[in-house]
Amino acid sequence: MTIHLKIWRQKDSNTPGRLVDYTLDDVNPDMSFLEMLDWLNERLMNEGKEPVEFDHDCREGICGSCNLVLNGMAHGPYEATAVCQLHMRKYKDGDTIVVEPWRAKAFPMIKDLVVDRSAFDRIMAAGGYISVNTGAPADANAIPVDKYNADLAFDYAACIGCGACVAACPNSSASLFTGAKISQLAHLPQGNPERKRRVVRMVDQMAEEGFGDCSNYAECEAVCPAEISITSIAKMRREYFNALSEIE
Amino acid sequence: MTVSNNGTLNSRVPDGNLQDKWDNHKNNLRLVNPANKRKFTVLVVGTGLAGASAAASLAELGYNVKAFTILDSPRRSHSIAAQGGINAAKNYPNDGDTIWRLFHDTIKGGDYRSREANVYRLAQVSNSIIDQCVAQGVPFAREYGGLLDNRSFGGAQVSRTFYARGQTGQQLLLGAYSAMMRQVATGKIQMFPRREMLDLVKVDGKAKGIVTRNLTTGEIERYAGDAVLLCTGGYGNVYYLSTMAKNCNATAIWRCYKRGAQFGNPSFTQIHPTCIPVSGKYQSKLTLMSESLRNDGRVWVPMKKGDNRPPNEIPEEDRDYYLERRYPSFGNLAPRDVSSRSAKYVCDEGRGVGKSGLAVYMDFADSIKRLGADVIRARYGNLFAMYEKITAENPYEVPMRIFPAVHFTMGGLWVDYNLSSNIPGLYVLGEANFADHGGNRLGASALMQGLADGYFVIPYTLSDYLAENLHSEKIGTDHEAFDKAEKETTDRISKLLNVKGKKTVLDFHRELGDLMWDNVGMSRNRENLESVIKKISELREEFWKDVNIPGENNTLNKYLEYALRVADYMELGELMARDALDREESCGGHFREEHQTEDGEAVRDDENFSNVSSWEYKGEDKEPEKHVEDLNFEFVTPTQRSYK
Ligand SMILES: Cc1cc2nc3c(=O)[nH]c(=O)nc-3n(C[C@H](O)[C@H](O)[C@H](O)COP(=O)(O)OP(=O)(O)OC[C@H]3O[C@@H](n4cnc5c(N)ncnc54)[C@H](O)[C@@H]3O)c2cc1C
Ligand code: SF4
Ligand code: FES
């Protein structure tokens with residue numbers, strides 16, 4: 001099939017970028033979207049041109065590396081699907097696809113479709129952990145966790161750290177990402193002793209990184225490949241207010 | 001010196017009873033006091049399970065850690081993709097599991113090509129890993145009573161595998177990552193993402209630093225340390241198509257090999273039986289369907305050649321459940337090497353399914369009938385969804401099509417019991433070392449090994465080395481050894497960029513992959529191995545004459561990174577073939593056609609090959625030299641593996 005691409009090309013953060021047109025007329029419907037980009041890159045290199053840079057690693061939807069906005073949708077048009085798991089059979093012959101990077105102040109541009117998401121690591125360093133040294137713990141079954149809470153904790157823990165929630169949010173908020181980690185740990189007894197300190201520090205760090213506030217657009221939930229629910233944001237807010245009221 | 005008087009490698013396995021070795025050893029290892037720990041810097045290369053757990057644990061102890069990863073964040077690494085689970089000898093289900101049994105299954109599963117003492121230690125610390133992870137908030141599957149759930153995995157008859165839906169690796173890695181980030185916040189870990197180690201710096205024979213390329217700017221950087229920990233994962237991508245993440249590579253271990261570190265059992269590769277089959281030339285990687293599926297999926301092919309009916313129209317009597325038939329006591333849970341080879345045989349007979357004929361069915365119809373679709377969905381929902389996304393077929397309705405694919409490398413840099421390579425100060429952890437899995441790795445044991453190495457072994461064994469080196473001179477990055485390593489690295493990069501040939505890196509990598517899969521894959525023989533060694537060296541020559549690398553060095557340039565990795569695969573592939581040729585026996589994943597029984601089972605040669613082949617680099621255009629480490633089985637008696 002034939003696919004028309006308009007791809008964001010940008011040399012670095014100091015040089016302005018622009019959309020460049022490419023047409024591929026031998027796309028196989030069984031190709032993944034990233035395999036189509038590999039295919040394009042092969043062609044560009046054979047023509048002596050520079051290939052398009054994009055981040056990827058697992059190509060199975062679990063590492064969170066891939067990050068493309070397709071026709072305005074983070075990770076493309078399909079629910080619960082990272083862009084590496086999107087196959088070309090979902091498109092029609094002759095379709096045009098605009099391919100852009102995550103755009104957010106807190107994710108500075110590196111090159112083409114590659115941005116710097118290290119702000120997420122700094123949010124995690126602010127409190128996204130349970131303070132336990134290697135070798136200290138008691139037997140794993142010493143504290144039972146009811147299945148309901150254990151399963152909920154898992155649902156929130158499934159975040160792949162891709163940043164689509166930020167890219168989709170009109171305010172570039174990282175609330176879904178941050179809320180997911182806070183909710184995971186708030187549903188486990190192990191996380192309890194630090195929960196107040198954790199939520200305050202992580203939320204403050206999020207603001208410091210330049211992410212916006214959440215005004216309930218829910219665009220994040222719609223694009224999240226890990227199906228993180230926005231109840232995590234509500235949970236984060238409750239945790240935050242509880243923490244502040246008790247600290248004060 | 002690791003080559004002892006009788007010419008074999010010294011594994012430094014402590015004396016005593018198997019059960020007591022590790023404890024005795026810990027009692028004898030030297031310690032570094034807290035005030036002195038602050039004086040040491042440890043370079044941790046790679047932040048997968050092995051690297052993240054090591055970095056966090058060492059920083060908690062007070063060492064200064066510098067950690068490096070190719071990816072943009074330590075929250076990602078190949079480890080994140082592990083689906084099925086992690087073993088431990090907790091015996092929570094009370095089904096008769098013990099540390100001894102986990103040890104015995106693992107060493108037997110490895111076809112008696114690993115060290116008893118290492119494997120026993122692995123089983124011993126397995127339980128602490130689960131405790132550690134639960135305390136970090138890893139949401140393992142639980143039962144209604146609130147206690148942890150277990151399942152069974154290939155090669156074992158007990159349920160000892162802990163899991164977090166189909167995303168165990170992700171959850172374990174995020175646990176280790178969170179422990180790391182806690183130390184980043186204290187300043188004890190300095191994190192260097194988007195960095196690739198391109199060389200090791202040795203001073204007076206000891207590892208003293210590394211040279212990296214900053215992948216965003218292209219800058220070559222120098223880092224000095226008192227020890228270097230390689231936690232850089234496996235090298236399955238030599239085969240081009242594999243289940244490995246795209247950025248997995250062999251560069252760090254290969255560069256260390258060229259600086260004198262020996263490479264153990266390079267040809268030992270695991271071909272996993274249950275992956276989604278190849279669909280076309282554009283294919284960039286293969287996707288694993290977790291082996292846990294074999295608990296409820298039944299593997300079959302049509303009885304007759306060329307039976308093209310859709311699977312649901314083939315009646316029971318025309319199906320061959322070949323694993324259940326050949327291996328009645330393990331059935332669909334036969335170990336990986338055995339299952340993969342069986343799939344190859346039925347496809348070679350012309351009974352394979354799908355368009356290419358290179359696939360077999362894994363069928364859930366019986367389990368769905370017995371347990372209901374909801375139970376199956378709860379167990380494997382995300383795997384079924386992943387399968388459907390890739391193939392556009394619904395496995396609740398039609399059987400999955402699966403085929404073997406390269407998945408794991410048991411080989412790696414040689415290490416002693418302390419995880420030290422033969423270069424003092426250079427330690428190797430996780431999949432990057434050769435240590436614990438012998439000729440074949442059992443399911444759910446790589447996560448266990450990576451975390452055992454990082455959380456529970458290296459903190460002890462490294463202190464012994466550092467204590468010994470408390471008073472040795474600190475090396476700065478202005479040392480001439482750094483100048484030399486940096487120059488060699490920049491020269492290699494310029495040489496590559498200046499080839500300006502016509503073929504892309506991908507073209508070369510695909511060609512190498514085909515050579516490796518056809519000749520150093522599931523089934524190997526002398527004739528093919530001899531000829532492939534020549535072909536690889538010709539391909540390598542062509543690569544250095546005709547590769548086309550776009551762009552420049554001083555920006556993000558992923559095809560340049562890729563070219564540097566493929567250049568190393570071109571050398572490593574040859575060593576793998578050499579090792580496969582040299583090992584005149586069939587064991588584990590290494591199957592030599594010359595050594596099989598009449599009905600196609602592997603024939604091991606304990607007389608001559610109850611050992612580790614460890615290869616030493618001798619220089620460009622020279623053949624590597626083989627050393628051996630004899631494996632002495634004091635506590636178990638190697639038997640011919642039988643899963644019948
Ligand atoms: C699809 C799949 C499923 C699996 N499922 C299971 C399972 O269910 N149970 C199980 O036990 N095992 C499983 N395994 C195996 C297991 O996941 C791996 O063996 C294990 O995670 C490897 O961990 P590691 O820390 O050694 O390496 P990796 O996770 O590969 O980490 C390597 C690290 O090194 C870095 N790195 C590499 N080279 C360099 C360099 N030159 N410079 C700087 N950094 C570098 C990388 O960026 C990365 O951070 C699975 C494997 C696959 C492929
Ligand atoms: S919450 Fe969802 S969209 Fe946001 S980083 Fe996590 S997985 Fe990605
Ligand atoms: S490449 Fe890993 S999630 Fe897409």
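**Figure 1. The interface of domain 1 and domain 2 of chain B in the predicted model.** Between them, domain 1 of chain B and domain 2 of chain B bury about 900 Å², and 57% of this area is on carbon and sulfur atoms. On the side of domain 1 of chain B, the residues that lose the most area to domain 2 of chain B are Lys281(B), Arg341(B) and Lys344(B), which together account for 45% of what that side buries. The domain assignment places domain 1 of chain B at residues 272-407 and domain 2 of chain B at residues 480-613.

**Figure 2. The salt bridge of Glu601(B) and Arg326(B).** The side chains of Glu601(B) and Arg326(B) meet in this salt bridge with an N to O distance of 2.9 Å. For the interface of domain 1 of chain B and domain 2 of chain B, the rule finds one salt bridge. Over all chains, a search of the whole structure finds 81 salt bridges.

**Figure 3. Packing of helices α14(B) and α15(B).** Helix α14 of chain B covers residues 505-519, and helix α15 of chain B covers residues 526-546. From α14(B), the contact is made by Phe508(B), Glu511(B), Leu512(B), Leu515(B), Met516(B) and Asn519(B). The residues that α15(B) brings to this contact include Asn528(B), Leu529(B), Val532(B), Ile536(B), Leu539(B) and Phe543(B). The residues of the contact of α14(B) with α15(B) comprise nine nonpolar, two polar and four charged.

**Figure 4. Packing of helices α5(B) and α12(B).** Helix α5 of chain B (residues 116-136) packs with helix α12 of chain B (residues 446-468) at an angle of about 85 degrees, and their axes are 9 Å apart. The range from 65 to 115 degrees counts as roughly perpendicular, and α5(B) and α12(B) are therefore roughly perpendicular to each other. Among the residues of α5(B) in this contact are Arg121(B), Leu122(B), Val125(B), Ile129(B) and Cys133(B). In α12(B), the residues that they meet include Met448(B), Leu451(B), Tyr455(B) and Phe456(B). The contact of α5(B) with α12(B) divides into 10 nonpolar residues, five polar and one charged.

**Figure 5. The interface of chain B and chain A.** Contact between the chains takes 74 residues from chain B and 73 residues from chain A. Chain B and chain A bury about 6300 Å² between them, with 52% of it on carbon and sulfur atoms. Six salt bridges are counted between chain B and chain A. Lys285(B) forms a salt bridge with Glu60(A), and their closest N and O atoms are 3.0 Å apart.

**Figure 6. The interface of domain 1 and domain 2 of chain A.** Chain A is divided into domain 1 at residues 3-100 and domain 2 at residues 117-247. Taken over C-alpha atoms, the centres of these two domains of chain A are separated by 30 Å. The contact joins 13 residues of domain 1 of chain A with 10 residues of domain 2 of chain A. Between them, the two domains of chain A bury about 860 Å², of which 59% is on carbon and sulfur atoms. One salt bridge is found by the rule across this interface of chain A. Arg117(A) forms a salt bridge with Asp55(A), with the closest N and O atoms 3.8 Å apart.

**Figure 7. The salt bridge of Lys147(A) and Asp151(A).** The side chains of Lys147(A) and Asp151(A) meet at 3.4 Å, N to O. Lys147(A) and Asp151(A) are separated by about one helical turn because they are four residues apart in helix α3 (residues 147-157) of chain A.

Note on methods:
Residues numbered from 1 in each chain as written. Chains lettered and ligands numbered in written order. Predicted model: local features only at pLDDT ≥ 70, side-chain atom pairs only at ≥ 80, totals over all residues. Heavy atoms only, no water. Axes fitted to C-alpha atoms, helices over the stretch in contact; angles between N-to-C directions. Helix = DSSP H or I, 4+ residues; strand = E, 2+ residues; numbered from the N terminus. Contact = heavy atoms within 4.5 Å. Nonpolar A, V, L, I, M, F, W, Y, C, P; charged D, E, K, R; others polar. Domains from an automatic or database assignment. Buried area = accessible area lost by both parts, 1.4 Å probe. Salt bridge = Lys/Arg side-chain N within 4 Å of Asp/Glu carboxyl O. Parallel < 35°, antiparallel > 145°, perpendicular 65-115°, else oblique.
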